[in-house]
Structure formats: structure tokens, C-alpha cells
Amino acid sequence: MPNIAMLSCWNHYHARSFVRDLADFPDVRITAVWDSDIERGMFFAEEFGTDFEPDLERLLAREDLDGVIIDSSPAEAGSLIELAAYAGKHVLSDQVLALSLREANKVSECIERSNIHFAIDMSLRRWPVNMAAKRVASAGVIGDITSMRIRNAHNGAIGATPLDPRYLNTPYGVFTDLGAHGLYLMRWLLGQQPVAVTAIAARYTGSKAEDNAAALFEFSRGALAICDTSYAADQSPFSIELYGTAGSFLGGGVNGVHRKLLKPSDSTVRVFAPEGQEEALNEAAEMGEAGESTLFVMVKGYTRRSELAERYQ
């Protein structure tokens with residue numbers, strides 16, 4: 001997939017991160033940027049050293065375009081995925097599939113009919129601490145998991161350098177951003193579809209969007225999962241907890257700095273098991289290297305670095 005277009009740089013933090021990661025693949029070229037906000041699109045096209053294309057239809061019709069990275073607002077993501085799929089372009093999306101079940105089903109059907117490669121960037125699945133949690137859950141070394149908790153939060157709404165207003169002046173909130181990571185991790189770890197959910201979404205800062213939220217999920221065999229998230233929490237380490245019938249796993253960041261936990265030393269793990277069963281649990285819970293990124297999987301085969309790497313170190 002050598003020629004890629006960026007569809008929106010709404011989340012500029014993530015857009016820059018994708019460009020930084022693409023620097024590992026010198027044969028991959030960012031061929032254009034499109035954005036519904038023309039000024040923003042032109043700014044990032046210049047920063048990324050490529051062209052700004054204001055006409056989305058014309059961009060997606062280009063025969064030399066192989067795929068797109070969609071980094072739009074959650075409200076735009078579904079329609080952009082559909083348009084790219086109809087155009088036969090492979091898609092890596094940085095956002096939730098859609099904001100409603102009806103729209104999500106519609107987008108999913110479109111992807112399947114279009115026969116493209118599609119992925120949502122579930123980036124926290126590659127963190128060593130979460131990969132360790134997955135091994136513990138899959139190996140059954142803490143018995144049946146009866147409850148779990150995942151927390152992902154930062155101080156974006158209250159810190160010295162606040163989030164851009166576009167993140168908070170929207171009808172959707174933190175569960176379409178930080179909170180979404182907890183939701184896909186929960187499903188990945190438990191391997192089950194929840195049968196019921198109770199959610200509370202609050203507005204600590206008084207913004208239009210929810211900035212402080214929690215959800216409680218019930219599963220068919222009686223397991224419970226809590227996912228909580230916030231833009232209004234300072235010094236809040238990422239945390240993941242699994243509690244089972246034969247032990248428990250507690251993992252998280254070593255400090256409250258919100259960052260990617262890509263090195264084993266970025267996280268800490270504690271495990272508890274009945275006497276005589278500690279060895280198996282400790283082995284499963286040992287943290288190794290980070291897994292491959294979704295972007296790497298989609299463009300696998302290119303391994304050298306390019307000059308873009310220096311720009312975003």
C-alpha cells in the first residue's frame with residue numbers, strides 16, 4: 001500500500017503519530033491530505049510535506065491512491081469509511097466505527113461488500129501490560145474471570161495545556177476517545193459479548209461533551225466489567241485489573257503521566273494466586289516487548305526509516 005492519503009487531521013496528536021510511524025516505511029508515501037476544515041488541512045499538508053486536496057471525491061478517484069488513514073471526528077468517521085470503501089481504497093481508521101448501532105451496521109456491510117482491507121487502530125492492544133493481561137485471561141491461570149476494571153484518563157479538560165475546544169464542544173464525549181480503548185480491551189480480554197450495560201456520563205467542566213464517564217457491563221455467565229475514563233483527572237495512571245476464581249492480575253502505568261506504555265518498564269504488574277499456583281501466573285503475567293502496531297501490520301514488509309523519522313522524534 002505505497003500511496004496513502006490522510007483523511008482529516010481532526011486529532012492532530014494522532015495524525016502526527018501516524019506520520020511518525022509511517023517514517024518506518026520509505027516506500028510508503030503520503031500522497032495528499034484532505035480535511036473538512038480547509039485551513040487545518042492545508043496546515044498539516046504543508047507540515048507533512050505533501051499536497052492538500054480540497055475535493056474528496058477527486059482524491060478518492062485517483063488511481064494511484066491505494067489507501068487512506070481516517071483521523072476525523074467521530075461524527076465524520078462512518079461516512080468517510082463508506083466513501084473510501086466504495087472507492088476501493090483500503091482503510092485504517094483512528095475512530096470508532098460509528099456513533100450508533102444502525103450506522104455501524106451500515107458501515108460494516110459497506111466494508112464487506114467492497115472487499116478492502118480495513119482496520120480500526122486498537123493501539124492499546126499492543127502495550128506489554130495489556131498483552132500480559134490477555135495471556136493471563138487466555139491461560140485461565142486465575143480461573144474464571146468474575147470481574148475486571150480498565151481505567152484510561154488524563155487531564156485534557158483541566159490541565160495547563162487544555163484540549164482544543166473541538167474535543168469538548170461536541171454532542172459526543174470521552175467514551176468516543178479515551179474511553180473507547182477500555183471498551184475494545186474489555187471485549188478482547190473476555191472474548192464475550194455483554195448482555196447489559198449501565199453507563200454514567202458527566203460534565204465536570206460544564207462542556208457540551210461528557211468529560212467524566214463510567215460504564216458497568218454484565219456478561220452472560222455473571223462476570224462484570226467496569227470501564228471508566230476522564231478528561232478531568234490529573235496524575236491518573238492507566239490501570240487494568242482482572243479478578244478471577246483463582247487469583248488476580250493488577251497492571252498499570254508506573255506513574256500518572258498519560259503516554260504510550262510501549263516498554264515493559266513503563267508499566268508495573270502485581271499478581272496474586274493461591275499457594276502453589278504462583279509460578280504459572282507469574283509466567284503468564286511476565287511483560288515482553290510491545291506488539292506490532294496496526295499500521296505496521298497493514299504495510300508490513302517495509303522496515304527502513306526515512307527522513308520523516310527525524311522530524312517527529
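1. In which loop is the place of S293? S293 sits in the loop between α8 and α9 (294-298), where helices (H or I, at least four residues) and strands (E, at least two) are DSSP runs, numbered from the N terminus. With 13% relative accessibility, S293 counts as buried, a word that stands for under 20% relative accessible area, with exposed meaning over 50% and partly exposed in between (1.4 Å probe, protein chains only). Between the C-alpha atoms of S293 and G41, which are 252 residues apart along the chain, the separation is 25 Å.

2. Before going further, please keep in mind that this is a predicted model, in which local features need pLDDT of at least 70 and side-chain atom pairs count only at pLDDT 80 or more, while totals for chains, interfaces and linings use all residues. Residues are numbered from 1 along each chain as its sequence is written, and side-chain values use heavy atoms, with hydrogens and water left out.

3. The buried residues of α5 are A104, V107, C110, I111 and S114. They cover an arc of only 125° around the axis, which puts them on the same side of α5, the arc being that of the directions from the helix axis to the C-beta atoms.

4. What do the buried residues of α5 pack against? Their partners are α4 (74-86) and β6 (118-120), and contact here means heavy atoms within 4.5 Å. On the face of α5 turned away from its buried side one finds the exposed residues L101, R102, E112 and R113. Just after α5, N115 takes a positive phi of about 55°.

5. Two packed helices are described by the angle between their axes and the distance between the axes. The axes of helix α6 (residues 128-139) and helix α8 (residues 278-285) come within 7 Å and cross at roughly 140°; axes are lines fitted to C-alpha atoms, for helices over the stretch in contact, and angles run from 0 to 180 degrees between N-to-C directions. The helices α6 and α8 are therefore oblique to each other, given that angles under 35 degrees count as roughly parallel, over 145 as roughly antiparallel, 65 to 115 as roughly perpendicular and the rest as oblique. In this pair, A132, R135 and V136 of α6 meet L281, A284 and A285 of α8. By class, the contact of α6 with α8 has five nonpolar, no polar and one charged residues, where Ala, Val, Leu, Ile, Met, Phe, Trp, Tyr, Cys and Pro count as nonpolar, Asp, Glu, Lys and Arg as charged, and the others, Gly among them, as polar.

6. How are α6 and α7 oriented to each other? The axes of α6 and helix α7 (residues 178-190) come within 9 Å and cross at roughly 30°, and α6 and α7 are therefore roughly parallel to each other. The contact is made by N130, M131, A133, K134 and A137 of α6 together with L185, W188 and L189 of α7. By class, the contact of α6 with α7 has six nonpolar, one polar and one charged residues.

7. Most residues other than glycine have a negative phi, and most peptide bonds are trans. S8, although it is not a glycine, has a positive phi of about 85°; S8 is found in the loop between β1 (3-7) and α1 (12-22) and, at 0% relative accessibility, counts as buried. Q235 likewise has a positive phi, near 55°, in the loop between β10 (224-230) and β11 (239-244), but Q235 counts as exposed at 56% relative accessibility.

8. Leaving aside its neighbours within four places in sequence, E53 is in contact with A32, V33, W34, R58 and L59.
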